[in-house]
Amino acid sequence: SPTITGGHIEPPNGGLAFLFYSAYVMTQNEAYLDGATAVLDYFQDYQKNPNYEAMTDYAPLIAAILNFNHGTQYDVGKFLDFLFEEDSAFRPGWSVMSGTLGGKQVSGLVGQSGDYAFSMNTFHLASVLAPLVKYDARYTDAIGQYLYNVYQNARLFFPTEHPLSQQTMTTFLSFDLYGSICYEGFRGHYGGVDGLAMGDATAMFGQPSDLSLYSAAFLGSYAGMIQDVQNNGMILYDLNVTDAFGNRNQPYFLAYNPSGSDQTLRFDGPEYAYDVFDVTHNRILARNVQGTISLLVEKQSGTAFVLLPVSSSYLLEAGTITANGEKIASLKPAVNINLPTRAQLTSSSVIPIDFQATMADPITHMQIYFGSILAYSGVPISEFSYDKALLPDTDYEIKIMVTTEGGLMDYVTKRVVCY
């Protein structure tokens with residue numbers, strides 16, 4: 001049940017789902033799995049954005065794991081929207097940030113939009129979100145770009161990145177010669193200074209230091225994922241490092257290419273023979289190779305891949321790809337609507353719809369709901385305007401569902417206002 005502390009109500013959230021799922025993996029007690037699904041069932045229908053601090057960070061990952069391993073149909077995109085859109089009902093503006101702050105690029109950092117980025121929240125979210133790609137590879141490009149932004153911009157939390165005039169703890173720096181202990185945060189403007197590395201300790205609580213051990217501790221979980229940074233700008237992440245209770249039977253990696261041209265990844269694989277399967281594009285990249293190999297990654301894109309025993313046996317059945325009997329990928333259609341949360345719509349508004357089928361399995365049917373009202377059912381369409389006669393003026397959760405010829409399904413939801 002919700003926890004009430006003062007005026008803050010914390011709903012059952014992703015962190016609770018993570019605890020239940022972890023307990024299930026450790027004990028195989030089905031009651032804990034039921035607990036995880038009960039939390040996300042509640043969360044799936046939740047009509048406010050509860051994002052603040054760290055609990056919502058876990059929702060997309062656990063939703064993707066449950067979809068992949070247990071056949072649920074949670075809207076992973078809705079939970080990602082909670083993190084990336086600035087409509088939190090519990091701390092307005094709290095989200096993954098974009099653009100600049102105090103003249104510095106802060107895309108990918110977590111905090112109060114237009115005001116204050118926090119290091120612990122940034123490192124925590126990055127380490128929690130990365131393994132999601134193993135279970136829903138449709139997000140490879142988006143998560144890859146996000147992780148790259150964190151890699152580029154989290155430097156703002158460290159004392160070596162700022163002149164003494166733009167940080168608060170200059171007398172402590174001689175005790176941390178490598179600048180390993182980060183500041184709690186970076187603020188756009190404070191105390192007459194634009195772009196200040198600082199923390200709440202001195203400004204709000206009269207404590208002696210803004211250098212933050214609790215924040216720096218989470219740096220290890222993020223940095224531990226970085227397997228390699230190559231001269232051409234490519235970054236390779238080990239997706240198993242922070243996947244605490246997920247599938248770690250085989251090595252999974254994410255390579256992201258931020259450049260404007262296709263690049264070759266130099267992958268230092270094991271010295272024994274292995275196969276490489278691309279879970280993003282559902283294809284075998286290499287068979288019976290060993291040691292260092294080269295993999296092509298398209299411009300501004302990511303590729304997630306798994307290393308498998310040499311000469312593995314692959315099977316595609318009912319939208320699932322297995323290797324040697326173990327599930328490694330799912331074929332899933334995708335549908336998306338490019339609207340901000342709580343977009344204001346009228347009957348003349350044109351709602352753009354993007355959809356993509358899996359290989360050799362076309363999307364044949366689409367349904368559009370506003371709450372429980374079915375507004376469209378028919379062939380897939382790329383634009384939609386609703387009939388005003390169907391919808392009274394109020395808030396709705398729009399839901400767009402697509403179904404393929406082979407019976408695979410995907411859906412997307414967004415909270416909108418119709419008037």
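How do the residues of the lining of the largest pocket divide into nonpolar, polar and charged? There are 22 nonpolar, 13 polar and eleven charged. Keep in mind that this is a predicted model.

Now the pocket itself. Its volume is about 980 Å³. In total, 46 residues line the largest pocket. Nearest its centre lie Asp136, Arg138, Tyr139, Ala334 and Gln356.

On to the second largest pocket. About 350 Å³ of space lies there. It is lined by 16 residues, and Phe84, Ala142, Ile143, Gln145 and Tyr146 are the closest to its centre. The most comes from α7, with six residues. By class, the lining of the second largest pocket has eight nonpolar, five polar and three charged residues.

Last, helix packing. Helix α2 (residues 30-44) packs against α4 at an angle of about 70 degrees. Their axes are 10 Å apart. With 65 to 115 degrees counted as roughly perpendicular, α2 and α4 are therefore roughly perpendicular to each other. Which residues meet? From α2, Leu40, Phe43 and Gln44; from α4, Lys78, Phe79 and Phe82. That contact has four nonpolar, one polar and one charged residues.

Technical notes. Residues are numbered from 1 along each chain as its sequence is written. This is a predicted model: local features need pLDDT of at least 70, side-chain atom pairs count only at pLDDT 80 or more; totals for chains, interfaces and linings use all residues. Side-chain values use heavy atoms; hydrogens and water are left out. On a 1 Å grid over the protein atoms alone, a cavity is a set of points where a 1.4 Å probe fits but cannot get out, and a pocket is an open set with protein on both sides within 12 Å along at least five of seven lines; lining residues have an atom within 4 Å of a point. Grid points are joined across faces, edges and corners, and a volume is the space filled by probe spheres set on the points. Ala, Val, Leu, Ile, Met, Phe, Trp, Tyr, Cys and Pro count as nonpolar, Asp, Glu, Lys and Arg as charged, and the others, Gly among them, as polar. Helices (H or I, at least four residues) and strands (E, at least two) are DSSP runs, numbered from the N terminus. Axes are lines fitted to C-alpha atoms, for helices over the stretch in contact, and angles run from 0 to 180 degrees between N-to-C directions. Angles under 35 degrees count as roughly parallel, over 145 as roughly antiparallel, 65 to 115 as roughly perpendicular and the rest as oblique. Contact means heavy atoms within 4.5 Å.
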